[in-house]
Amino acid sequence: MAFVNPKTREVQIKIVYYGPGRGGKTTNLEYIYNKFNHRIKTDLVSLKTHGDRTLFFDFLPFDVGKILGYDVRVQLYTVPGQVKYDSTRKLVLRGVDGVVFVADCMAVVRRKNILSLKNLYENLSDYNKSIFKIPLVMQYNKIDLAEKGIPMLSPQILEKDLNAQLKAPSMVASALTGLNVIKTMKKIIMLTMPTVQGQLK
Amino acid sequence: MDAKDDQTLSAEVGKRLDMLFEDEDTSGAGAAGQPPDRTAATGKRLLEAVKADILSVDWEITDAAITALIERLTALKQVCASDKIALILIQMLISLGRYIKVRKSKAHVQSMNIMKSVFAGLEKILAQPDLPQDAKMKILRVQVSRFHDFQTQVMPAAARRRAKAPAVVQRTAEPVSPELQLLLQNLAEELKVVIRDEFRRLKEEIRSWRNPHDGYATG
């Protein structure tokens, strides 16, 4: 549920990028930051391990501006993808308004995608949230690797594996090149709008 | 907050996000205090978008992806209206897009390769506005020749199918005929443009032979 402060007239929308380790969640945020930091004028906060993996989370806030008298602020988070950091993932999901599930298109990580989605389902359930009801966008990342001859999962297989029941908006992407990164982010923010509007009433 | 405000909030957030994350070419523009070249920036943005669309189509041929590609190419055509060579290449891409849209996964195996090759040529031409006309023509000739080779590969196959089973074609004429008609129509359009351009160039060349001093002040 979006954080609305009627006194300070502030609205905060929390978006979490979820998915298997090394799937490109941080790369999504890095692309947004590197390309648009001159406009959003905020910093990407990242806590990484020595091996350059996300230890706690990445955090990229930005202001959308004053709308209908409210200062609208979007906060993008990633979770650590590695299985062992489940408590951190759960913590980051607290108060989430929308989720981008960043699936990895590489054939070798097919099972990891499914396990990670199952983990999202469980962690949301702990907050009494349903994966079927929360605004969700499926992003099938790393399509750029197809050109390098790496065995890939087709969007049809990914849809069947991950989105057959959820039927969430989905798109292929390349966080590395930026393909559909902004589109994904815009889509998830717009999907949270009905909830935000409901809270402002 | 009433229903009107609901729409306003959503619309306003969408608008702000578009403004905030509009992909624009900031390199050079404004650095010397000059206004940015909006046409060039738009062209570059469209070209990048077309590239992304081609990648999407290469990944999976869907109606949505192909339609987006054709719409984007049509927009790019308007931006490049003054560049005849770019226009021919864009028209070739549109034709290929229409062909792939009709044939989908049954499109010729070389379709995407030809599309990528034509796009590479277009990208080269648009990325280097200072490229000499000869170099541009060379790129165009290579791409047109590849495109024509592709057409000869595609069309006899369809014609062969039609010749082999005339009875079937008659009964199920629809799946084959519209595609061929579309392809022929597009080919005719492109050939007209190429021939007209070649004629114009030849006329200019002949004129310059006849009047070597044409265009110079004679005092």
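Author: In this predicted model, α3(B) and α4(B) lie roughly antiparallel to each other. The term applies because the two helices, residues 63–79 and 84–103 of chain B, pack at an angle of about 165°, and angles over 145 degrees count as roughly antiparallel. Their axes are 10 Å apart, and the crossing of α3(B) and α4(B) is left-handed. On the α3(B) side, the residues that meet α4(B) are B:Ile66, B:Leu69, B:Ile70, B:Leu73, B:Thr74, B:Leu76 and B:Lys77. Facing them from α4(B) are B:Leu87, B:Ile90, B:Leu93, B:Ile94, B:Gly97, B:Arg98, B:Ile100 and B:Lys101. Sorted by class, this contact of α3(B) with α4(B) comprises 10 nonpolar, two polar and three charged residues.

Of the 20 residues of α4(B), 14 are buried, so the helix is largely enclosed by the rest of the structure. Just after α4(B) comes B:Lys104, which adopts a positive phi of about 50°.

The crossing of α4(B) and α5(B) is left-handed. From α4(B), the contact draws on B:Ile85, B:Ala86, B:Leu89, B:Ile90, B:Met92, B:Leu93, B:Leu96, B:Tyr99 and B:Ile100. From α5(B), it draws on B:Ser111, B:Ile114, B:Met115, B:Val118, B:Phe119, B:Gly121, B:Leu122, B:Ile125 and B:Leu126. By class, the contact of α4(B) with α5(B) has 16 nonpolar residues, two polar ones and no charged ones.

The wider setting includes the contact between the two chains. Chain B contributes 18 residues to that contact and chain A contributes 22. On the side of chain B that touches chain A, the elements giving two or more residues are α1 (3–20) and α2 (38–59) of chain B. The greatest share on that side comes from α1(B), with 11 residues. By class, the side of chain B that touches chain A has nine nonpolar, four polar and five charged residues.

As for chain A, its secondary structure amounts to five helices and eight strands, arranged along the sequence as β-β-α-β-β-β-α-β-α-β-α-β-α. Chain A has 201 residues, of which 43% count as buried. Among its contacts between residues at least 6 apart in sequence, 72% join residues at least 24 apart.

A:Val79 sits in the loop between β5 (70–78) and α2 (86–92) of chain A. With 29 C-beta neighbours inside 10 Å, A:Val79 is counted as buried, because the count required is 20 or more. Apart from its neighbours within four places in sequence, A:Val79 is in contact with A:Val16, A:Tyr18, A:Phe57, A:Thr88, A:Arg89 and A:Val92. The C-alpha atoms of A:Val79 and A:Leu93 are separated by 8.4 Å, the two residues being 14 residues apart along the chain.

Note on methods. Residues numbered from 1 in each chain as written. Chains lettered and ligands numbered in written order. Predicted model: local features only at pLDDT ≥ 70, side-chain atom pairs only at ≥ 80, totals over all residues. Axes fitted to C-alpha atoms, helices over the stretch in contact; angles between N-to-C directions. Helix = DSSP H or I, 4+ residues; strand = E, 2+ residues; numbered from the N terminus. Parallel < 35°, antiparallel > 145°, perpendicular 65-115°, else oblique. Left-handed = near helix turned anticlockwise from the far one by under 90°. Contact = placed C-beta atoms within 7 Å. Nonpolar A, V, L, I, M, F, W, Y, C, P; charged D, E, K, R; others polar. Buried ≥ 20, exposed ≤ 12 C-beta atoms within 10 Å, placed from the backbone.
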